[in-house]
Each structure stands twice: as C-alpha cells, then as structure tokens.
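Have the sequence and the model open as you read.

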Amino acid sequence: MKTIFFRTKGSQPQGWGNVIRQIIIAQKLEKNFKIFFFVEGDKDLFLYLKKNYPKVILLKNCIGLKKEKEILKNFPKPDFSIIEMLHPNPKLQSLYKSITKKKIIVYDDLLTSRYISDFLISCQKTNRKPKLFSKVKFLNDYSYFPVSDKVLKIKNKKKKINKKIKIVSVILGGSYYSLTYCKILNCLLNFNFKKIIFVISNKKFLQTKKKLKKLDKSIEVLKNIKNPEKILFESDLAIVGGGYTKIEAALVNTPFIPIQTHNHQKELITSFMKKLKLTRKLKNNKFDLKKKIIFLQNLDNRKNFIKKLECFKPNGIKKLKEILN
C-alpha cells in the first residue's frame, strides 16, 4: 500500500479551513493509502482534532525545520506528500520533497509563496500568477475543491424555498469572531426572522454565547460542529465567512452572504461571487449586510441565487486521485 504524508496548519488568527479540507481528502483516501497526518496548530485546534479526526501527529506551533525533520525520520518515506497551509514556506516544501518518493502536491488559494512542488492546486480560481519552479504544474479552478460524501448527498436533495426567510444561520469558521458575531446579530434583529442560529468557535465559547444571548435570548448558539452542512441546508439564508464556509453554503444550495473575516479573503470573496455570476449587490465586500438581506428577502432573487448554486459541482477528490495514480 502506498503512503501519503499530509502536512497542514491551523490557528485562531489564520482559521482552520486548511486542516478541515485536508481531513476530507485523507478520509476519502485512507482505504487505498496509508495516511500520516501532521498538523501544526494551537490548543483549540488540537482539541477539535481529538474529537473529529484523532488519527493525527500533532506538531508544536511554529515548529522549526530541524525539529520537524527529526520527527519525520520516525516514519516510513512517503510515496506522496500533500501540503496545505497559509503561506507554505519553500523550505518546508523542500523538506518534504527531499523525503518523498514520487510527487509532492501543494494546495494554496492565495498563491503568495514560491512553489517547488510537482503540483500546485488553487481550488478558488484566481488571476494571480504564482512564482513557480519551472517544472511545477499549476491547476487553478474550483473544480479541484474536495467535497465530502455527506455534502454531496445533501447537494442532491431538493432545496425547499420558503416565500419568506424564516431560518438564518451564521457560520464564519473556526476562529474567534466575538465582535463580528455581535455586529451581525444587531443587524439581524432588524428583521423578524423565526429562528437565528450561530455556530461559533470553541475559544471563549461561553463568554461569546453570553454576549449574544444578552442581545437576544431567543437565538440558538452552538459550538463548532462536525457537520455544519446540515444547518446550512436547512437555512433559508446563511451568513458565512469568506473562506471555505461560503463554498460549503454554495454546495448545499443555500443563498449566502459572505463576510470578510481575514485580510486574505477579500479577493477570494470577489472571485467566488464572480464565478457564480451573482449580482453586483452581493459582490460588494463592504459590511452592508442589511442591504444584502433586504435584496435576498425577495423570493425571485433567492430562487435565481439557488439556480446558480445548483450548477456548482466541484469534484476535487476525483481529480486528486488522477494525480496520485
């Protein structure tokens, strides 16, 4: 059986999307490959992994290359290595390339680093031109985005479209966004929604929940959950982060409004909304949430939104398997 090393990183400032995406890939490949999953991160991420994907080797945050090299010596040399993190260091790529028998693959949607891998995959299409070593094959399209089986099953279900927006969910991702949550809730309280659900991070959960409940006792506040796609699917409208949560909402055919929670998400939001050919009223990155909600209260606007989402069908696992053959 061939071996794959996964190397990823997540933290509160950077988000957990990279880690979650690679877990989806690892789970799909572990029947046919021997998987070693190396994660660098903070305490909150490690606690999440213990509950949701315990088969990982935990690396200290900001681990040095020498220390990591010593750790890797305790494992068999991989046939393939897959790296995904914010700003993948060329020296780190070089380390994994030196021990990998066949191919090294880097996932990166920002393309701000220098790349010496065999393949560079950007799952969120961009016009940026990355700095590539001459032999790197650059794959740049949303079709490479990996989707879990659970999401695919929901994608195939018929989306119920209510005349009015009744249920709104707010899922920004795994980081700490207390002030942003409060800002969003203050805006939502201008409308008469039947149910508002916040899915928030583990960090300072009780403190943040208390702040939100103080604004409105009737809202539902949940910790980061393993399968947010179910809540997204059952929502009439989702307020999502500018990273992977916007794609999760799109995959389950739920109209969404993306909120920029990190600087690097501005371009990703613009690119994605352009890809879906959505109206200019939803493309603007400014925090004009109220105007966007008013726009989507119109039933025809939401129906048109959902029609465009139904055409969004990435199959990144299949494409990756072709590379690994």
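## Two loop residues

His-87 lies in the loop between strand E4 (80-84) and helix H4 (90-99). Helices (H or I, at least four residues) and strands (E, at least two) are DSSP runs, numbered from the N terminus. The phi of His-87 is near 55 degrees, a positive value in a residue other than glycine. His-87 is partly exposed, with a relative accessible area of 46%. Buried means under 20%, exposed over 50%, and partly exposed in between (1.4 Å probe, protein chains only).

Leu-111 sits in the loop between strand E5 (103-107) and strand E6 (114-115). Its phi is near 60 degrees, also positive in a residue other than glycine. Leu-111 is buried, at 6% relative accessible area.

## Basis of the model

The model is predicted: local features need pLDDT of at least 70, side-chain atom pairs count only at pLDDT 80 or more, and totals for chains, interfaces and linings use all residues. Residues are numbered from 1 along each chain as its sequence is written, and side-chain values use heavy atoms, with hydrogens and water left out.

## Helices H6 and H12

The axes of H6 (residues 178-188) and H12 (residues 289-297) come within 10 Å and cross at roughly 45 degrees. H6 is therefore oblique to H12.

Which residues of H6 and H12 make the contact (heavy atoms within 4.5 Å)? H6 supplies Ile-184, Cys-187 and Leu-188, and H12 supplies Leu-289, Lys-290 and Ile-293.

Notes
Axes are lines fitted to C-alpha atoms, for helices over the stretch in contact, and angles run from 0 to 180 degrees between N-to-C directions. Angles under 35 degrees count as roughly parallel, over 145 as roughly antiparallel, 65 to 115 as roughly perpendicular and the rest as oblique. Contact means heavy atoms within 4.5 Å.
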